[in-house]
Amino acid sequence: MVSDVVSSEDMMVLDENSGYMGVSRLMLMENAGAAVARQLVSHLGQAAGKKVLVLCGPGNNGGDGLAAARHLACMGADVTVFLLAEPEKIRTVEARVNFEAVQNMRASIRLFTVDTVEKLLELANVFEEVDAVVDAVLGTGAKPGLPDLYKTAIKLSNTVNCTRLAVDLPTGLDTDTGEGETYFEPDIIVALHMKKPVHQKFVEKTVVEPIGMPPEASFLAGPGQLRLLLKKIGLGKLSSARLAYVFGEKGPVDYVRDFLTGLKGSTTFCNLNMLVDNPELRYAVASSRAVLLSPDVSPTSIKPFLPRSQPIILTAPTGFLTNPIYVLWSDKPMLQDFREKHRDYLKDVEELCRKLAAPVYVVGEVDMLSNGVKSLANWLGKPIKQSHFPYAAALVAWFVSSGADPLLSMASASYLLRSAELPLLENPKNLADYVHSSIERLA
């Protein structure tokens with residue numbers, strides 16, 4: 001379930017899911033700052049009398065550095081902080097909280113706003129006087145390439161004879177590939193929570209520090225997967241979703257029809273018998289990006305109308321389609337012994353996924369889902385009632401018809417439906433509005 005190395009995307013998911021579980025980013029930042037301070041003091045031998053320069057960017061990595069600066073000052077170090085941005089450009093609430101705390105510590109920390117290369121060069125002598133430089137400029141979410149201000153700060157750091165510590169990863173290197181031209185050259189890297197791929201280049205210099213992320217965040221189907229889904233496809237793709245909902249003689253489920261009508265994009269509602277006589281409907285179904293199939297429609301009967309092998313979302317197992325996604329109902333009790341058996345449950349859903357040769361989302365007391373490579377669970381919020389179960393298939397189908405990955409689509413559907421209050425599930429239009437507002441909040 002948990003790899004020894006975590007990618008930048010997976011780290012973003014873990015961070016978001018941790019917050020959903022009640023471990024806030026501010027708590028994680030506090031723990032990260034304390035861990036960095038402990039490691040640096042251990043490396044220096046003591047804090048008292050040691051001059052430390054902390055380079056901080058405007059993001060959460062900079063927030064970690066600001067928290068570390070505060071802890072170092074409390075331990076007796078002589079601390080100087082360079083904020084390499086205007087304070088107004090600090091990007092997160094958590095980083096701002098730590099900036100304001102450092103700003104108030106006027107007797108124990110020297111704080112400089114260094115937002116231009118010229119200002120940095122005026123303070124270049126500070127680099128010559130310190131026992132250690134802490135790099136907290138850019139973290140795992142950074143893109144390749146450095147602005148001149150950051151490049152200059154890194155070059156000045158690399159030329160002085162002192163201890164160089166990088167918070168999570170050296171600024172200037174890509175988290176996932178380790179590539180980069182100008183980068184901070186560390187003596188020690190404090191990897192937060194887990195190692196990232198870049199740390200393979202610095203095996204002997206990397207120390208992993210836990211920061212309080214719950215182990216469950218690694219296999220929770222939560223808001224982290226929804227945030228990643230939105231990052232991968234973009235908010236605009238959801239507005240261009242193209243879905244076909246094909247039903248039989250019983251007709252559509254009314255609240256599913258109303259729910260899909262309330263979601264962005266376009267949904268073609270089609271009785272199977274109408275496909276034979278209506279060429280416009282045939283074209284709409286054939287050109288859709290995903291098909292939601294009613295339980296009373298045989299998969300074999302729809303197959304001749306799908307020339308492109310679109311993903312088909314089904315609520316019962318079948319072996320007749322080339323690109324199925326299964327959303328299945330289970331009334332198996334799991335929550336009471338979830339602590340002891342959660343690993344077995346994850347293995348079970350992964351095995352079911354491999355047996356059916358398709359992604360699987362089992363809706364129940366605990367939602368279980370898998371793509372055969374990775375398996376997730378959701379025990380938070382409120383379980384979906386069987387009467388509302390068709391919403392799950394509909395929401396997965398809508399995400400997939402936007403071009404989203406099936407596992408992310410299933411996890412996002414599980415999070416959204418289990419976090420919705422019962423009155424929303426009783427009103428399909430309000431539920432659609434809730435889905436959109438939740439998406440916009442995370443986008």
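## Two loop residues with positive phi

Helices (H or I, at least four residues) and strands (E, at least two) are DSSP runs, numbered from the N terminus. With that in hand, let's look at His193, which sits in the loop between strand S6 (188–192) and strand S7 (206–209). Its phi is near 75 degrees, a positive value in a residue other than glycine.

Ala357 is found in the loop between helix H14 (338–356) and strand S13 (360–363). Although not a glycine, Ala357 has a positive phi of about 55 degrees. Ala357 counts as exposed because its relative accessibility is 64%, where exposed means over 50% (1.4 Å probe, protein chains only).

## About the model

This is a predicted model, in which local features need pLDDT of at least 70, side-chain atom pairs count only at pLDDT 80 or more, and totals for chains, interfaces and linings use all residues. Residues are numbered from 1 along each chain as its sequence is written, and side-chain values use heavy atoms, leaving out hydrogens and water.

## The cavities

A cavity is a set of points, on a 1 Å grid over the protein atoms alone, where a 1.4 Å probe fits but cannot get out; lining residues have an atom within 4 Å of a point. There are two cavities of 30 Å³ or more.

Helix H9 (235–239) and helix H18 (428–442) each give at least two residues to its lining, which includes Trp398 and Lys264.

Technical notes. Buried < 20%, exposed > 50% of the residue type's maximum accessible area, 1.4 Å probe, protein only. 1 Å grid on protein atoms, 1.4 Å probe; cavity = no way out; pocket = protein on both sides within 12 Å on 5 of 7 lines; lining within 4 Å. Points joined across faces, edges and corners; volume = space filled by probe spheres on them.
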